[in-house]
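Dear colleague,

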Amino acid sequence: MYTTSTPVIVVGAGPVGLATALLLRARGLAATVLEAAAETAPRPGSRAIFLHRQSLATLAAADPVLGAELVGNGLVWGARRTSFAGRDVHHRAYIPLPADRAPFSSLPQPVMEELLRAACRRAGVELCWETPVTGVTTSPDGVQVRTPDTVFGAAYAVGCDGARSAVRRAIGVRLHGPRSPHAFLVLDLADDAAHPLPRERAFHYRDPRMAGRNVLTVPFRGGLRVDVQCRPDDDPDVLGGAAADWLPALLPDGHACSVTWSSHYRFQQVVADRLTDAYGRVLLAGEAGHLFAPFGARGLNSGIADAAAATAAVATGDVAGYARARHRAAVLNRGAAGRALTHLTAPTPWHRAAQRLAAAAAPRSGRAGRWLDSAPYGPRDAGIPGSRY
Ligand SMILES: Cc1cc2nc3c(=O)[nH]c(=O)nc-3n(C[C@H](O)[C@H](O)[C@H](O)COP(=O)(O)OP(=O)(O)OC[C@H]3O[C@@H](n4cnc5c(N)ncnc54)[C@H](O)[C@@H]3O)c2cc1C
């Protein structure tokens, strides 16, 4: 067994681990990333597409080239539309802004990760592929991170190893919270140049083209995300397998309907009971510490806020402050995503009646239309000082 030592180990080369390593380098700190998968392993699709301005600014401050690439490789959809049972209840178009003031960027997560990897290489991050972490031991002086061949000694380790985090398990931390009772089917479709889609995000309550299911469509650079809320009696595998039968009704006539990725989820709404170990030597960030339903795009965006706070904590030694502030943020983010999820699943007759009444009032009441338009994404502000996430 080989032993080596380094100031900070980052576990996981997902987007949060890569962002953490990059932000460490921007502070002049060395960073070594240990990733279980091979460098060429395919990354899962149907995950994040929406990077908020705050995340773009955090990453651009560390590497302006990366900031420009994330905007240049994404798109800003120019309008949002909400419909209810076949009738439009809200539409809003935005005035286009120059790239340096982009309010967000919509691009597939594998493309974000490719750009982050390139930025890490430019910054001199040491990336160790096919290096799964199998154990972590902490003491008041530091942390030992074990892989099959090597024990890495470090002052700190940041666990960014995702939902099934080995780091989280090793420090005896658990996730707590509910899981959505409804399944959601998420498809990514490739653009069809001959049949371009409107560049607008559209949410359709009780869409008659989908036998009354809720349907969200979000454009990203190179394609379209289609998110269908399954009914309790749906088998999402069967619904996904029959996509060729129902997709054409949602798209312009003749669209190729080419599905590049299909997944289904029951979204977890869970937060770790703490984001550090007993000695303040391990910090959990991103999905190692929390998982939210994606409505409101709080997953990766809050992971990047974690990464920024974790690197500041490693630089100052205030790990307890990190754990407190980001745990509170995770609880608030979960609450905000939970409000969106409750609105979407409308669990009581009261919720369903409120949506029906708002849809009936929308032609006369802008307020009713705006509520139907914004509620599926949760509150804009989760109440976290200085951060939207
Ligand atoms: C349908 C859907 C839509 C979403 N949309 C958005 C959105 O628009 N905006 C947004 O902000 N978020 C969104 N999210 C959430 C976003 O995808 C996640 O928050 C994000 O991927 C979390 O990144 P991460 O780096 O924490 O974890 P991961 O992406 O899971 O990366 C973890 C990494 O750790 C590695 N690893 C695991 N175990 C080990 C080990 N033992 N040793 C070493 N390495 C290990 C894994 O191989 C992986 O590379 C969405 C999620 C879903 C499901």
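Which element gives the largest share of the lining of the second largest pocket? Before the answer, please keep in mind that this is a predicted model. The largest share comes from E15, which gives 5 residues to that lining.

The second largest pocket holds about 300 Å³ of space, and two or more residues of its lining come from each of strand E5 (79-84), strand E15 (200-207) and strand E16 (213-220). Its lining is made up of 17 residues, and those that lie nearest the centre of the pocket are Glu200, Ala202, Arg209, Thr217 and Leu250. By residue class, the lining divides into 9 nonpolar, 4 polar and 4 charged residues.

The strands E5, E15 and E16 also belong to an open sheet of 7 strands, whose order is E6-E5-E15-E16-E17-E14-E18 and whose pairing is mixed. Strand E6 (87-93) and strand E18 (259-265) are the edge strands, each of them pairing on one side only, and neighbouring strands of this sheet are turned against each other by 10° on average, when direction is ignored.

As for the strands E5, E6 and E15, helix H10 (residues 349-361) lies across them, and the helix runs at about 120° to E15.

With best regards

Terms used: Residues numbered from 1 in each chain as written. Predicted model: local features only at pLDDT ≥ 70, side-chain atom pairs only at ≥ 80, totals over all residues. Heavy atoms only, no water. 1 Å grid on protein atoms, 1.4 Å probe; cavity = no way out; pocket = protein on both sides within 12 Å on 5 of 7 lines; lining within 4 Å. Points joined across faces, edges and corners; volume = space filled by probe spheres on them. Helix = DSSP H or I, 4+ residues; strand = E, 2+ residues; numbered from the N terminus. Nonpolar A, V, L, I, M, F, W, Y, C, P; charged D, E, K, R; others polar. Pairing = 2+ DSSP bridges. Axes fitted to C-alpha atoms, helices over the stretch in contact; angles between N-to-C directions. Contact = heavy atoms within 4.5 Å.
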